[in-house]
Amino acid sequence: MQYPTHYEEGKKVSFMKFDQRLAGLLFMPGSMTEGATYPAVVVTHPGGGVKEQCSSLYAWHLAQAGFVALAFDAAHQGESEGLPRYLEDPASRVEDIRSAVDYLTTLPFVDAERIGAMGICAGGGYTMSAIQTDARIRAAAGISTWDVGDSARNGFPGVNIENFFQKLLKEVADARTAEARGEEPRYWNYVPASADAIDENTSVIQREAYEYYRTPRCQYPTSVNKYLVSSNDKLAAFDAFAHIATVSPRPLLFIVGSKADTLYFTEDAYSRAKEPKEICTIEGATHVDLYDKPPFVEQVVARLTDFFGKALR
């Protein structure tokens, strides 16, 4: 990994989401005063990711800047509980974030009036959804924000398939029927499973994601690169930005690479949100560059610490 030890510095914790125990990594400021309380930020990983990857990288950086920061595995994924395994359900993912906020409010060194949230990729979309219905989240930031509902209905960036949505729903219907009849669950990969699966038709985002998740760059054992095909009806029904205008006057920040093929998600969210809102464009960066490449991460961290420093002061 580009940052091989950052996640090892987090304290392993767990917290409850209804009857499920979620696994997290809690990052603390370097120097803490006994009896004092600190602002805190929930950090949500991308689809297919786990807490040991870019979410804990950003949590680690936020802790260096004086925030308590929590990275965690989504329910049904990573080291968190939840059946069926490898479900990607937006409603569940948003509830994960609310439950993470619940947990932070119980910590004596966290100021419950100064809690923010951020996410990367799909985690950014889920974070923008969570702040719409959880007033305890005082500010939110999205890095390379992705609306999984839009891509479920219309296809991935750079992928043009005729009658995509109808074909997807047929796949979901077949998968659900098979599971109902006792057959083995059907899974899709988030990213190409191997270099051999990449060809001239593979989109830029899929090529980049393969390099990040499936090579030594940031491969991690609990990131297994699969999700239930039957997740896709839930994804298709989701709109990450449906009520984002109601977040005002709580502030929103969107950080995106100038070369990101997912830029349109950020532009959509920004156009639908009300002030106060900001877009920060990282020149020369693609979508996945913001996950871990040091020159870009440094710029993102600077904007995050300034944003949360003001919003949670």
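Reply: One cut-off before we start: a residue is buried when its relative accessible area is under 20%, exposed when that area is over 50%, and partly exposed in between. Keep in mind that this is a predicted model.

Let's begin with Asp-239. Its relative accessible area is 29%, so Asp-239 lands in the partly exposed class. Its salt-bridge partner is Arg-272, with the closest N and O atoms 2.8 Å apart. Arg-272 belongs to helix α8 (residues 263-272), while Asp-239 sits in the loop between α7 (232-236) and β9 (252-257), so this pair ties together parts 33 residues apart in sequence. Arg-272 is partly exposed too, at 30% relative accessibility.

Next up is Arg-303, which forms a salt bridge with Glu-278 at 2.4 Å, N to O. This one also links distant parts of the chain: Arg-303 is in helix α10 (residues 294-311) and Glu-278 in strand β10 (residues 277-282), 25 residues apart. Glu-278 has 32% relative accessibility, so call that one partly exposed as well.

For a buried case, go to Arg-114 and Asp-111: their closest N and O atoms are 2.9 Å apart in a salt bridge, and both residues are buried.

There's a network as well: Lys-51, Glu-52, Asp-73 and Glu-79 are joined by salt bridges that share partners.

Of the 313 residues, 58% are buried.

Definitions and conventions. Residues numbered from 1 in each chain as written. Predicted model: local features only at pLDDT ≥ 70, side-chain atom pairs only at ≥ 80, totals over all residues. Heavy atoms only, no water. Buried < 20%, exposed > 50% of the residue type's maximum accessible area, 1.4 Å probe, protein only. Salt bridge = Lys/Arg side-chain N within 4 Å of Asp/Glu carboxyl O. Helix = DSSP H or I, 4+ residues; strand = E, 2+ residues; numbered from the N terminus.
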